[in-house]
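Hello,

I am handing over a structure for you to look through.

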Amino acid sequence: MSWFKKILGKENKEKLDEGLEKSSSSFFDKISRAVVGKSKVDEEVLDDLEEVLISSDVGVETTIKIIKRIEERVARDKYVSTSELDKILREEIASLLSENNVEDSVGFSIPKKNVPYVIMVVGVNGVGKTTTIGKLASQFKAQGLKVVLGAADTFRAAAVDQLVIWADRAGVPIVKQAMGSDPASVAFDTIQSAVAQNADVVLIDTAGRLHNKVNLMNELSKIKRVMQKVIPDAPHEVMLVLDGSTGQNAFEQAKQFTQATEVSSLAVTKLDGTAKGGVVIGISDQFNIPVKYIGVGEGINDLQAFNKMEFVDSFFKRVK
């Protein structure tokens, strides 16, 4: 690893620590209250811990798995002190996430076999979808890749305008039409343009409506069919963007979108301004879909490739 990459890696980890500080602080405050005056992990402590994990937005199903693991460990070791609880939790959560057979994202890279590599980005309005697309475009371009954006969220003028701003900021071309245009038509034009320009990556923004799952499914299916007229296996990736600050709402959105379309990757945003970072642990465990990127700040470089072990390390880093 080069000196520059080492420095960049250290800066990214420090940013991750900082971005998860509120989540970590809130979590350990709750843990401290749960074990105050108690010396060993017993049934009462486990009940309190279960409440802590659920209230930290880890999710009920994942919480049950974690508690079961700690129960087995207590039964095996006979005596576990409350002072060891932080370490045990970190180990068991890390072990749980490592068992889901989903690989960590390898930076901002794309498979070489699909060029241009088409990513259709989905998610409800307000989750940071357009911003995530802009940051991804910037990161991909920094890797030397040629990027084209498609403004297929034609139902909100603000969405197109915002994506134009990000395209200018990242220095990449954008394909757009008038507000109210057929989203599939925009996607078709974008794919054609990308092929003509020998682009490496195509990022397609889509409308973030979830009021009717059938309509959403039909619209996304139509966009896919039209893109496949140009590139038969497009899109190569369907990325769902979730707002981490919404906690359990993010779980519900993930369920809705995975039922409406074949989501193949996740990006979780806005983790820096909230104490709900535990939602990433639950989402990473419950959905057999890789969390590829997480947002830990507003800067263009504050979208990070997700690494399970680094995330757990930062989440369990006590604030000094």
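Contact here means heavy atoms within 4.5 Å. This is a predicted model, in which local features need pLDDT of at least 70 and side-chain atom pairs count only at pLDDT 80 or more, while totals for chains, interfaces and linings use all residues. Residues are numbered from 1 along each chain as its sequence is written, and side-chain values use heavy atoms, with hydrogens and water left out.

Let us begin with helix 3. Helices are DSSP runs of H or I with at least four residues, numbered from the N terminus. Helix 3 covers residues 43-55 and reaches 18 Å from its first C-alpha to its last, close to the 18 Å expected at 1.5 Å a residue (1.5 Å times one less than the number of residues).

Its buried residues are Val45, Leu46, Leu49, Val52 and Leu53 (buried is under 20% relative accessible area, exposed over 50%, with a 1.4 Å probe and protein chains only). They sit on the same side of helix 3 because they cover an arc of only 115° around the axis, taken from the directions from the axis to the C-beta atoms. What covers these buried residues includes helix 2 (21-35), helix 4 (60-77) and helix 5 (85-98). On the other side of helix 3, Glu43 and Glu51 are exposed.

Asp42 caps the N-terminal end of helix 3, with a side-chain oxygen 3.2 Å from the backbone nitrogen of Glu44. Just after helix 3, Asp57 has a positive phi of about 65°.

Best wishes

Note on methods
Helices (H or I, at least four residues) and strands (E, at least two) are DSSP runs, numbered from the N terminus. A polar contact is a pair of N or O atoms within 3.5 Å; within protein, one must be able to donate a hydrogen and the other to accept it, and residues adjacent in sequence count only if both atoms are side-chain atoms.
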